[in-house]
Amino acid sequence: MGVGKPALLAPAPLHPPPPPCEQVVSLHESGKRGAALATAIMEHAGSLVSLAGVYHVLKRHEAAAEAYGKSLAVFELVGDEEKAAKCLINLANLQELQLTGDAARADAAASRARLYAARPSGAPDACAACAAPLAPLAPTSGDDDRLLLLGCLHCLHLRCYEAWSEEHDVGCPACKPQPTTPADGRP
Ligand SMILES: [Zn+2]
Ligand SMILES: [Zn+2]
């Protein structure tokens with residue numbers, strides 16, 4: 001027998017793909033389920049915020065506060081600070097302006113303290129309208145001391161806001177002329 005050309009055979013793959021192992025498949029499936037669950041929860045929290053807004057307009061303040069509180073918990077859990085801050089603003093304004101009783105006042109003070117801790121550094125500590133220093137962490141003692149937080153995180157006396165808003169469009173005295181999210185604390 002002479003030396004012939006070696007037959008050209010396709011090389012066998014060194015690492016043939018392993019058959020999918022059950023654990024990998026199950027991890028992949030649970031990963032997909034986890035992502036779908038996270039999406040569903042975020043959508044649910046978003047719907048809760050809308051529902052809270054409807055309750056708010058209907059002056060069902062207790063129900064609105066509960067819905068804001070529940071959605072706040074979700075946004076805090078997932079670390080969505082912007083959405084959490086908006087819920088907290090609404091909740092704090094509701095607790096301070098619409099709900100009554102010592103418990104609501106204490107809740108308002110606690111919400112306000114959390115908001116102030118979460119504000120961007122350098123945010124002013126003076127009323128956005130009259131520039132008087134604010135003491136937002138202290139529980140408010142009377143109607144004159146009531147504070148309103150705007151969506152832009154500027155804070156001002158409720159009485160100052162009411163006087164200002166009589167002559168201006170809804171917005172913020174400090175941010176004007178930029179349009180801002182109006183305070184949802186007052187439907
Ligand atoms: Zn003021
Ligand atoms: Zn502002």
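Trainee: Is lysine 59 buried or exposed?

Mentor: Lysine 59 counts as exposed because it has 10 C-beta neighbours inside 10 Å; a residue is buried if 20 or more other C-beta atoms lie within 10 Å of its own, exposed if 12 or fewer, and partly exposed in between, with C-beta atoms placed from the backbone. This is a predicted model, in which local features need pLDDT of at least 70 and side-chain atom pairs count only at pLDDT 80 or more, while totals for chains, interfaces and linings use all residues. Residues are numbered from 1 along each chain as its sequence is written, and chains are lettered from A and ligands numbered from 1 in the order in which they are written.

Trainee: Where is lysine 59 found, and what is its phi?

Mentor: Lysine 59 is in the loop between α1 and α2, and its phi is near 65°, a positive value in a residue other than glycine. Helices here are DSSP runs of H or I with at least four residues, strands are runs of E with at least two, and both are numbered from the N terminus.

Trainee: Which other residue has a positive phi although it is not a glycine?

Mentor: Alanine 131 has one, of about 70°, and that residue lies in the loop between α4 (102-118) and β1 (147-149). Alanine 131 counts as partly exposed because it has 13 C-beta neighbours inside 10 Å.

Trainee: Stepping back, how many helices and strands are there in the chain?

Mentor: The chain has five helices and two strands, in the pattern α-α-α-α-β-β-α when read along the sequence. Of its 187 residues, 26% count as buried.

Trainee: Back to α1, then: what should helix α1 span?

Mentor: Helix α1 (residues 22-57) has 36 residues and should span 52 Å at 1.5 Å a residue, which agrees with its end C-alpha atoms being 52 Å apart; the expected span is 1.5 Å times one less than the number of residues. The buried residues of α1 are Ala45, Leu48, Val49, Ala52, Tyr55 and His56, and they pack against α2 and α3.

Trainee: At what angle do α1 and α2 cross?

Mentor: They cross at roughly 155°, and their axes come within 8 Å; axes are lines fitted to C-alpha atoms, for helices over the stretch in contact, and angles run from 0 to 180 degrees between N-to-C directions. That makes α1 roughly antiparallel to α2, since angles over 145 degrees count as roughly antiparallel, under 35 as roughly parallel, 65 to 115 as roughly perpendicular and the rest as oblique.

Trainee: Which residues of α1 and α2 meet?

Mentor: Among them are Ile41, Met42 and Leu51 in α1, and Ala63, Val74 and Val78 in α2, where contact requires C-beta atoms, placed from the backbone, to lie within 7 Å.

Trainee: And at what angle do α2 and α3 pack?

Mentor: Helix α2 (residues 61-78) and helix α3 (residues 81-98) pack at about 155°, with their axes 9 Å apart, and are therefore roughly antiparallel to each other. The contact includes Tyr68, Leu72 and Phe75 of α2 and Cys87, Leu91 and Leu94 of α3.

Trainee: How many residues of α3 are buried?

Mentor: In α3, 13 of the 18 residues are buried, so the helix is mostly covered.

Trainee: What about alanine 73, buried or partly exposed?

Mentor: Alanine 73 lies in helix α2 and counts as partly exposed because it has 13 C-beta neighbours inside 10 Å. Its C-alpha atom is separated by 7.9 Å from that of alanine 84, eleven residues apart along the chain.

How values were computed:
Two residues are in contact if their C-beta atoms, placed from the backbone, lie within 7 Å.
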